[in-house]
Amino acid sequence: MKLEVALPVLGLLLCVADTTAQQSADTTAQQSAFEVVISRTKVTVTCPFQSETGITWKKGSEQKKGGKQTYEIEEYNSSKDDGFYECSLGDNSARLYLKAKVCRNCEELDVMTVAGVIIADLLITLGVLILVYYFSKNRKGRVGGSAGVHPRGPKMVRPPPVPNPDYEPIRKGQRDVYAGLQSKGF
């Protein structure tokens with residue numbers, strides 16, 4: 001598998017946000033939840049309160065810029081950006097603990113693209129399987145693996161090969177030739 005294909009898949013797995021929302025007793029905040037969207041290194045948090053202006057954002061005790069319903073972190077860095085975020089609208093407030101994993105070189109894939117790749121791979125594999133079956137079916141009656149022409153008719157019977165004289169078995173009366181050889185102990 002090429003690295004260009006493996007990196008987007010790995011990036012998709014790394015772009016998973018682990019968020020938990022801790023909300024106040026406000027009924028508006030209890031009915032809806034925070035929405036967190038991660039795209040490469042950009043993290044967008046949407047406050048559950050329905051207002052385009054007047055929302056204040058805090059990270060811990062530090063006041064953040066922006067009076068909109070969404071708060072964007074362009075270059076998310078887990079060491080400095082993880083933590084509790086709070087959005088307030090008047091007397092109502094909602095809290096969120098944000099801990100996200102982002103990837104600079106990630107590619108986002110939708111479900112249809114992944115399904116298309118898997119189906120195409122299955123079809124190509126099935127096609128190769130059918131081709132191998134078809135071509136191996138035509139070679140069933142042949143002897144050997146060569147593609148040469150074999151003579152038709154009855155099979156020729158070959159005599160056994162002539163034994164090599166260097167490896168003849170020891171016969172009676174020849175034992176004295178080999179009697180001087182002794183095995184060395186290892």
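## Elements and overall make-up

Helices (H or I, at least four residues) and strands (E, at least two) are DSSP runs, numbered from the N terminus. By that rule the chain has 5 helices and 8 strands. Their order from the N terminus is α-β-α-β-β-β-β-β-α-β-β-α-α.

This is a predicted model, in which local features need pLDDT of at least 70, side-chain atom pairs count only at pLDDT 80 or more, and totals for chains, interfaces and linings use all residues. Residues are numbered from 1 along each chain as its sequence is written, and side-chain values use heavy atoms, with hydrogens and water left out.

The chain has 186 residues, and 19% of them count as buried. Buried means under 20% relative accessible area, exposed over 50%, and partly exposed in between (1.4 Å probe, protein chains only). The accessible surface comes to about 15,200 Å², with 58% of it on carbon and sulfur atoms. Areas come from the Shrake-Rupley method with a 1.4 Å probe; for residues, only the protein chains shown count as cover. A contact means heavy atoms within 4.5 Å. Among contacts between residues at least 6 apart in sequence, 53% join residues at least 24 apart.

## Confidence

pLDDT is the predictor's confidence in each residue, from 0 to 100. The chain mean is 74, and 61% of residues reach 70 or more. Confidence is highest in H4, at a mean of 94, and lowest in strand S1 (residues 17-23), at 36. Over residues 15-31 the pLDDT is below 50, yet this stretch has 38 contacts in the model beyond near neighbours in sequence. Where pLDDT is low, the predicted coordinates should not be read in detail.

## Strand S4 and its partners

Two strands pair if DSSP finds at least two bridges between them. Strand S4 (residues 56-59) runs antiparallel to strand S7 (residues 83-89), joined by 4 bridges. Here Thr56 stands opposite Ser88. S4 is also antiparallel to strand S5 (residues 62-64), with 3 bridges. In that pairing Lys58 stands opposite Gln63. The S4-S5 hairpin has 2 residues between the strands, and Gly60 takes a positive phi near 70°.

In a regular strand the side chains alternate between the two faces of the sheet. In S4, Trp57 and Lys59 form the covered face, while Thr56 and Lys58 form the uncovered one.

## Salt bridges

A salt bridge is a side-chain nitrogen of Lys or Arg within 4 Å of a carboxyl oxygen of Asp or Glu. The whole structure holds 2. One joins Glu72 and Lys42, at 3.6 Å from N to O. Glu72 is partly exposed at 40% relative accessibility. Lys42 is partly exposed too, at 28%.

The other joins Glu75 and Arg104, at 3.2 Å from N to O. Glu75 lies in the loop between S6 and helix H3 (78-81), Arg104 in the loop between S8 and H4, and the two are 29 residues apart. Glu75 is partly exposed at 45%, whereas Arg104 is exposed at 55%.

## A nonpolar patch

Leu109, Val114, Ile118 and Leu122 make a nonpolar surface patch of about 340 Å². Patches are made of residues with over 30% relative accessible area and no salt bridge; like charges are joined within 9 Å, nonpolar side chains (Val, Leu, Ile, Met, Phe, Trp, Tyr) within 5 Å. Leu109 lies in the loop between strand S8 (92-100) and helix H4 (111-137). Its relative accessible area is 35%, so Leu109 counts as partly exposed.
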